Amino acid sequence: MKIGQKIKDLRIERGLNQRELAVEIKVSQPTIAAWENGENEPKATYIFRLARFFGVSSDYLLGLEDRF
């Protein structure tokens, strides 16, 4: 699974819309949409923010390890 799909799945699990997630990690809503649609990938800084926010590892987001 690609990083954008993981971000989307984690966001939906939390009951957030794209705008709410964007506010939490300090990016724009179109940035979240681009990540989720596979048009762009987050830089390391944002992968770190996403991992901390969702309580997962960066390796999980990058597809290097399973979630559990």
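These legends accompany close-up views of a predicted model.

**View 1. The loop between α2 and α3, with Lys26.** Let's start at Lys26, which sits in the loop joining α2 (18-25) to α3 (29-36). Its backbone deserves a look: Lys26 has a positive phi of about 65°, although it is not a glycine. Lys26 is also exposed, with a relative accessible area of 64%.

**View 2. The packing of α2 against α3.** Here the helices α2 and α3 pack at an angle of about 110°, and their axes are 8 Å apart. That angle makes α2 roughly perpendicular to α3, because values from 65 to 115 degrees fall into that class. On the α2 side, the contact is made by Gln18, Arg19, Leu21, Ala22 and Ile25, which meet Gln29, Ile32, Ala33, Trp35 and Glu36 of α3. Sorted by class, this contact of α2 with α3 has six nonpolar, two polar and two charged residues.

**View 3. The largest nonpolar core.** Nonpolar side chains tend to be buried together in soluble globular proteins. In this model, the largest nonpolar core has 16 residues, and those touching the most other members are Leu21, Ile25, Ile32, Trp35, Leu50 and Leu61. At least two residues of this core come from each of α1 (3-13), α2, α3, α4 (44-54) and α5 (58-61). The largest share belongs to α4, with four residues.

**View 4. The surroundings of Leu21.** Which residues does Leu21 contact once its neighbours within four places in sequence are left aside? They are Ile7, Arg11, Ile32, Leu50, Phe53 and Phe54. Leu21 also belongs to the α2 side of the contact with α3.

**View 5. The tilted pair of Trp35 and Tyr46.** The structure holds two aromatic pairs. In the pair shown here, the ring centres of Trp35 and Tyr46 are 5.8 Å apart and the planes are at 45°, so the pair is tilted. Trp35 belongs to helix α3 and Tyr46 to helix α4, so the pair ties together parts that are 11 residues apart in sequence. How do the partners compare with the 20% limit for buried residues? Trp35 is buried, as its relative accessible area is 4%, while Tyr46, at 24%, counts as partly exposed.

**View 6. The edge-to-face pair of Phe53 and Phe54.** Phe53 and Phe54 form an aromatic pair of the edge-to-face kind, with 5.1 Å from centre to centre and 70° between the planes. Phe54 is buried, with a relative accessible area of 7%.

Technical notes: Residues numbered from 1 in each chain as written. Predicted model: local features only at pLDDT ≥ 70, side-chain atom pairs only at ≥ 80, totals over all residues. Heavy atoms only, no water. Buried < 20%, exposed > 50% of the residue type's maximum accessible area, 1.4 Å probe, protein only. Axes fitted to C-alpha atoms, helices over the stretch in contact; angles between N-to-C directions. Parallel < 35°, antiparallel > 145°, perpendicular 65-115°, else oblique. Contact = heavy atoms within 4.5 Å. Nonpolar A, V, L, I, M, F, W, Y, C, P; charged D, E, K, R; others polar. Core = buried A, V, L, I, M, F, W, Y, C linked by side-chain atoms within 4.5 Å. Phe/Tyr/Trp six-rings, centres within 6.5 Å; stacked < 30°, edge-to-face > 60°.
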